[in-house]
Amino acid sequence: MSASIGAVIDWMLRPVHHWVWSDFDRRVRKLIAFGEVEGDGGRDILRAAELTPDPLLRRLYLAHAIDELHHADLFRRRSAALLRTRSTRSSGLFNATPLPGGHGLDDLRIDGEPDYRLLAFLHVAEKAAAGRFAIYREIVDDDPSTRAIFEEILRDEVFHMNYTYTQLARISPASYRRHVWRARASRLWKRYLRVAAVVAGLLGSAILTLQYFVLIPPFAWLAKRAEKREVPGWVPIPREHVESPTSLY
Ligand SMILES: [Fe+2]
Ligand SMILES: [Fe+2]
């Protein structure tokens, strides 16, 4: 069910994906960002290979890490090749990518995590990456070299998605489904928090702007009106005020 929700969200976001990939500068920045995420993921999985007590998982993690580092290399080289064909202009209007990268491996935590939790997390992240890269592959139809990279990476991501699920079922046969659901819920919750933080920032700016234009003008008008009533220069003290102006009491 969660997978179908993800597919529906991806389908709804298709125009945004088109918008992101249709611009040369955004395309290059997106490829550079992918290169960083894949490289970070590869190094984290390499760390997992060092820590796991399971020899089969160690071999698989190692192969997985090599794949991710290779993906990082592919993205970096492609972005560099695109940059060589044209110098990018910084539009300044929108330099970031509004959507998360394909993997979401930037959420990965290795130290102190048991293998079953890591495998569940990886399975969910790889599944999302496979769905996202399949969309990107179609969208960059005008750019055969980038499309070929997505083709190659997509094959690896499908393998990662499958081996993590098989291994999770092997090491945790009684509760592997529960681990996957928990990983999905945790991923959704983190995504929700990211979106909520962005929405909260936008709402905060909107409310402060509204306050500036709605609340401050009446006070400014009242202050100006009070200022007009003030007599300029020295003001005589009325007789009934008998206390000394220098006294504290
Ligand atoms: Fe990857
Ligand atoms: Fe992967």
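# Chat about an all-helix model

Modeller: A polar contact of 2.8 Å joins the side chains of His160 and Asp67. Keep in mind that this model is predicted.

Biologist: Where does His160 lie?

Modeller: His160 is in helix α6.

Biologist: Is His160 buried or exposed?

Modeller: His160 counts as buried, because its relative accessibility is 0% and the cut-off for buried is under 20%.

Biologist: Okay, stepping back. How many helices and strands does the chain have?

Modeller: There are eight helices and zero strands. Read from the N terminus, the elements go α-α-α-α-α-α-α-α.

Biologist: And what percentage of the residues is buried?

Modeller: Buried residues account for 35% of the 249 in the chain.

Biologist: Tell me about α4. How many residues does it have, and how far does it reach?

Modeller: Helix α4 covers residues 55–85, which is 31 residues. From first C-alpha to last it reaches 45 Å. That is close to the 45 Å expected at 1.5 Å a residue.

Biologist: Which residue caps its N-terminal end?

Modeller: Asp54 caps that end of α4. One of its side-chain oxygens lies 3.0 Å from the backbone nitrogen of Leu56.

Biologist: How do α3 and α4 sit relative to each other? At what angle do their axes cross?

Modeller: The axes of α3 and α4 cross at roughly 160° and come within 7 Å. That angle is over 145 degrees, so α3 is roughly antiparallel to α4. Their crossing is left-handed.

Biologist: What about α5 and α6? How are their axes arranged?

Modeller: The axes of α5 and α6 come within 8 Å, and the crossing angle is roughly 155°. This makes α5 roughly antiparallel to α6.

Biologist: What lies in the loop between α5 and α6?

Modeller: Asp143 lies in that loop.

Biologist: Buried or exposed, that Asp143?

Modeller: Asp143 is buried, because its relative accessible area is 8% against a cut-off of under 20%.

Biologist: Which side chain does Asp143 make a polar contact with?

Modeller: Asp143 pairs with Arg78, side chain to side chain, in a polar contact of 2.9 Å.

Biologist: Switching to the greasy parts. How many residues are in the largest nonpolar core?

Modeller: The largest nonpolar core has 21 residues. Ile45, Tyr61, Leu108, Leu118, Leu122 and Leu168 have the most contacts inside it.

Biologist: Which helices each supply at least two residues of this core?

Modeller: Those are α3 (24–51), α4, α5 (115–139), α6 (144–171) and α7 (176–214).

Biologist: And which one gives the largest share?

Modeller: Helix α5 does, with seven residues of this core.

Biologist: Last topic, the start of the chain. Where is Asp10?

Modeller: Asp10 is in helix α1, residues 2–12. Asp10 is also buried, with a relative accessible area of 11%.

Biologist: How far apart are Asp10 and Gly131, in sequence and in space?

Modeller: Asp10 and Gly131 are 121 residues apart in sequence. In space, their C-alpha atoms are 8.3 Å apart.

Definitions and conventions. Residues numbered from 1 in each chain as written. Chains lettered and ligands numbered in written order. Predicted model: local features only at pLDDT ≥ 70, side-chain atom pairs only at ≥ 80, totals over all residues. Heavy atoms only, no water. Helix = DSSP H or I, 4+ residues; strand = E, 2+ residues; numbered from the N terminus. Expected span 1.5 Å × (residues − 1). Polar contact = N/O pair within 3.5 Å; in protein donor to acceptor, adjacent residues only side chain to side chain. Core = buried A, V, L, I, M, F, W, Y, C linked by side-chain atoms within 4.5 Å. Buried < 20%, exposed > 50% of the residue type's maximum accessible area, 1.4 Å probe, protein only. Axes fitted to C-alpha atoms, helices over the stretch in contact; angles between N-to-C directions. Parallel < 35°, antiparallel > 145°, perpendicular 65-115°, else oblique. Left-handed = near helix turned anticlockwise from the far one by under 90°.
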